[in-house]
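I'll go through it bit by bit and jot down what I look up.

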Amino acid sequence: MRIADMTWQEYDGQIRQRIVVLPIGSIDGHGPHLPLSTDTIISTYLAEQLEDHLGVLVLPPLTYGLPTDPAASGGRFPGTTSVRAATFTDLVLDVLRASYRHGARRFVLLESHKVNLGPLREAAELFIETAPQARVMAVTWWDVVTEDSRNAIAAETGVARHDDHHAAMVETSLVMHAAPHLVRNELLADDEVPRRARYLILPVPQDLRTKTGVVYRAAAASPEIGARLMAEIVTNLVAAVTRELGEAVQEVLP
């Protein structure tokens, strides 16, 4: 059930019994072929799968996240709209505390934007310190994909893992499955830079910049790869949430 669509009476009748899921993403450039909301789309899709499989309550997504390191995305692109780490931490913390006051005790923070992870962990730790009985699980889609699957897809497509990062083959394939109408298939691109670096240097040197923000190869993406990976992600995610937080419906003492 989606909390935004419920009345307060319906919400009050369910919040103490069910797992609460907060999808988290970003507004971030993802090449010429994917929407700015790519990370939010993936998190929201997975939250809806948890809703279907476990009957969780799904909060409205947290759309704004931290800025991707320019070196990790090949530069900064128009449309990328971010918040500071302190703002993000406070927002997650406030949402958790509000849901806790209403009676929720089991939470899943469902993340698809890697750079959010540090502040997200801080928010979870600050929350749990003053929330008796609460349990919080923070999980990303790549946490529940096996290395064997990623390696097999790399071998089948010829796209090495070190060429498959931001807005590239796997992420594009996931959006092709979750929101195919938002993918500009005719603009799928591979990108190259004269050199690569894992560290951050600002301003980003010209020879570290990509032309499109694809890091680095998206042209091999397909809905079939997306469906295959999503099936594994959903199966493993449902199992992990059940293992860590118990059955979906459970009465929690006030």
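**Entry 1: the sheet.** Before I look at the sheet, I need one rule: two strands pair if DSSP finds at least two bridges between them. I also note that what I have here is a predicted model.

In what order do the strands sit in the sheet? I looked it up, and four strands form an open sheet that runs β2-β1-β3-β4. The pairing is parallel. The edge places go to β2 (57-58) and β4 (135-140). Each of these has a single partner strand, so one side of each is left without a neighbour in the sheet.

Next I checked how β1 is joined to β2. Strand β1 covers residues 20-24 and pairs with β2 in the parallel sense, over two bridges. I found the partners too: Val20 is bridged to Leu57 in β2, and Val21 has Val58 in β2 as its bridge partner.

Then I looked for helices on the sheet. Helix α4 (residues 85-102) packs on it and touches β1 and β3 (106-111). The direction of α4 makes about 150° with that of β3. Helix α8 (residues 223-245) packs on the sheet as well, touching β3 and β4. For α8 I wrote down an angle of about 160° with the direction of β4.

**Entry 2: a closer look at β1.** Is β1 mostly covered or mostly open? It's mostly covered, since five of its five residues are buried.

**Entry 3: the start of the chain.** I went to Met1, which lies in the segment before α1 (8-14). Which residues does Met1 touch, not counting those up to four places away in sequence? My list is Met6, Gln14, Arg18, Glu51, Val56, Leu57 and Val58. Met1 has a relative accessible area of 34%, so I put it down as partly exposed.

**Entry 4: the nonpolar cores.** Which residues touch the most other members in the largest nonpolar core? That core has 43 residues, and the answer is Leu46, Leu50, Leu110 and Val241. The elements giving two or more residues to this core are α2 (38-54), β3, β4, α7 and α8. The largest share is ten residues, and it comes from α8.

I picked Leu46 to follow up. Leaving aside its neighbours within four places in sequence, Leu46 is in contact with Leu110, Trp141, Met230, Ile233, Val234 and Leu237. There's also a second, separate core, with 25 residues. Ile24, Leu57, Leu96 and Ala124 are among them.

**Entry 5: α2 against α8.** Two packed helices are described by the angle between their axes and the distance between the axes. So what are the values for α2 and α8? Their axes come within 10 Å and cross at roughly 60°. I therefore call α2 and α8 oblique to each other. The crossing is right-handed.

I listed who meets whom. From α2 there are Ile42, Tyr45, Leu46, Gln49, Leu50, His53 and Leu54. They meet Met230, Ile233, Val234, Leu237, Val238, Val241 and Thr242 in α8.

Entry 6: Which peptide bonds did I find to be cis? One runs from Leu202 to Pro203, with omega near -15°. Another runs from Val215 to Tyr216, with omega near 0°. Pro203 is in the loop between α7 (169-178) and α8, and Tyr216 lies in the loop between α7 and α8 too.

I then looked at phi. Gln133 isn't glycine, yet its phi is positive, near 75°. Gln133 is in the loop between α5 (117-129) and β4. Ala167 has a positive phi as well, near 65°, and its place is in the loop between α6 (147-157) and α7.

Are these two buried or exposed? Gln133 counts as exposed, at 52% relative accessibility. Ala167 is buried, with a relative accessible area of 0%.

Technical notes:
Residues numbered from 1 in each chain as written. Predicted model: local features only at pLDDT ≥ 70, side-chain atom pairs only at ≥ 80, totals over all residues. Heavy atoms only, no water. Contact = heavy atoms within 4.5 Å. Axes fitted to C-alpha atoms, helices over the stretch in contact; angles between N-to-C directions. Buried < 20%, exposed > 50% of the residue type's maximum accessible area, 1.4 Å probe, protein only. Core = buried A, V, L, I, M, F, W, Y, C linked by side-chain atoms within 4.5 Å. Parallel < 35°, antiparallel > 145°, perpendicular 65-115°, else oblique. Left-handed = near helix turned anticlockwise from the far one by under 90°.
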